[in-house]
Amino acid sequence: MALSRIFHWGPILTVSLICYIFYWTLYVMSIGWPWNTTNGLVHHILFLTNVACIIVNYLHAMYHGPGYVPLEWTPKKPKDQKCLQFCSACNGFKSPRAHHCRSCGRCVMKMDHHCPWINNCVGHENHATFTRFVFHAPLGCGYACYFQLYFLYKLAFDNVFAREMYYFVRNMNATFQLFMSIGLSVGVTLSVSVLLFYQLRSILRNRTMVEDWILDKAEWRHKNEDLPPFLYPYDLGWKQNCMQVFLLSWYARGDGITWTVRDGCNQYTLTMEQLVQKRRKKERSQPYRCKTQYNGAFCPIRHGLWCCCTFPNVFESRLPIDGGDIVFVSRKSTRWAYGEKISGASVPAPAPGTSRPAGPKGWFPLKCAEPLHKDE
């Protein structure tokens, strides 16, 4: 399990970037700011400390994980089951703030998103260490970029570096790799800083990316149905919100099942809103009958070049279909549709308390199916 977690394109690329930038930064620092000087010693300690923080927080976020709802979990009070969603994959109920991740195959506590760079979800138990990782990564890369650019300036204008300048002029491979390291440092600094901004905003509002979508739909629904404004239950003020995530220990606050809520709300305020949204979504979904087979490929060239060029969300699953399958479509783009298969060989048994079979979900080419008429 440990090896499979890191032998994935996301962690392999991340670790490779860290090692590459680390090597070239240490190289230029050892020439321009050697260990045996006061400034050099201070800069080496600061840089190496930051790299250690990057590695430790990265490994913790990846291997410790977000925390998962126990399989076949049910609330202590049977009457609370009507306030929760049932997960057919985990054969249990989803606890408040939990969502099922298809990549991890489990219901994740306070799921924010599935991050391919750590090959794991960001959630309740690793939210703090993931945020520390995306804080130290741009800080370290910005530090590296500064030293590498300053080293190039010294090469060009400082006669003390004449020997090193001669080496880089003669060795084009080293010159190319140094410029590549600078470019990668700038790219990582800018891109991960954007991710850091969204993580800090999420923590300050105590709202995950998934809950952002739920809240947007809740506010729209309450406004259009002339209902009182929806009160988000987990916003306790920015100080308390931060204390929900950042602690002095490596362990997260609470059990990931029960949450502190604001006045006027209860543990199931958001989950009951989700149930209403799911019900409305099913009411709006349109049945389609599949007329041609689709094998679930990400780039189905047999269904047309434009279908390959306009594929939907990369991180959402694809839905293999066969002729005659019935799919309830809830989302559509120009050439793709997202739906739940309710008839076919791969559809499992109905989930408890549902009126319709809980089938597999995903995207498929829109040209492979056609809408069912009312009389059908």
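**Pairings, packing and cores**

Author: Let's start with Lys332, which stands opposite Ala337 in β9. Ala337 also faces Phe364 in β10. This is a predicted model, where local features need pLDDT of at least 70 and side-chain atom pairs count only at pLDDT 80 or more, while totals for chains, interfaces and linings use all residues. Numbering runs from 1 along each chain as its sequence is written, and side-chain values use heavy atoms, with hydrogens and water left out.

Reader: What makes β8 and β9 a pair?

Author: Two strands (DSSP runs of E, at least two residues; helices are H or I runs of at least four, and both are numbered from the N terminus) pair if DSSP finds at least two bridges between them. Six bridges join β8 to β9, so the pair qualifies, and these strands run antiparallel. A hairpin links β8 to β9 through three residues.

Reader: How do you know that β7 and β8 pair, and β9 with β10?

Author: Same test. β7 (residues 286-290) and β8 (residues 326-332) share four bridges in the antiparallel sense, with Arg289 partnered by Ile326 in β8. β9 (residues 336-343) has five bridges to β10, again antiparallel, and Gly339 has Gly362 of β10 as its bridge partner.

Reader: Why are β10 and β11 called edge strands?

Author: The open sheet has five strands, in the order β10-β9-β8-β7-β11, with antiparallel pairing. β10 and β11 (369-371) each pair on one side only, which is what puts them at the edges. On average, neighbouring strands here are turned by 45 degrees against each other, direction ignored.

Reader: What makes β10 largely enclosed by the rest of the structure?

Author: Four of the five residues in β10 (residues 361-365) are buried, so the strand is largely enclosed. Buried means under 20% relative accessible area, exposed over 50%, and partly exposed in between, with a 1.4 Å probe and protein chains only.

Reader: And why is His99 called buried?

Author: Its relative accessible area is 10%, which is under the 20% limit, so buried it is. His99 lies in strand β3 (residues 99-101). Leaving aside neighbours within four places in sequence, the contacts (heavy atoms within 4.5 Å) of His99 include Arg106, Val210 and Gln274.

Reader: Why are α2 and α3 called roughly antiparallel?

Author: Their axes cross at roughly 175 degrees and come within 11 Å, for α2 (residues 9-32) and α3 (residues 38-63). Axes are lines fitted to C-alpha atoms, for helices over the stretch in contact, and angles run from 0 to 180 degrees between N-to-C directions. Under 35 degrees counts as roughly parallel, over 145 as roughly antiparallel, 65 to 115 as roughly perpendicular and the rest as oblique. So α2 is roughly antiparallel to α3. Among the residues making the contact are Phe22 and Met29 of α2, and Phe47 and Tyr58 of α3.

Reader: What makes a group of residues a nonpolar core?

Author: The members must be buried Ala, Val, Leu, Ile, Met, Phe, Trp, Tyr or Cys residues, joined through side-chain atoms within 4.5 Å. The largest such core has 30 residues, and those with the most contacts inside it are Ile118, Phe130, Phe133, Val134 and Leu178. Elements giving two or more residues are α2, α3, α4 (127-157) and α6 (172-205), with α4 giving the most, ten. A second, separate core of 16 residues includes Tyr294, Ile321, Trp363 and Cys368.
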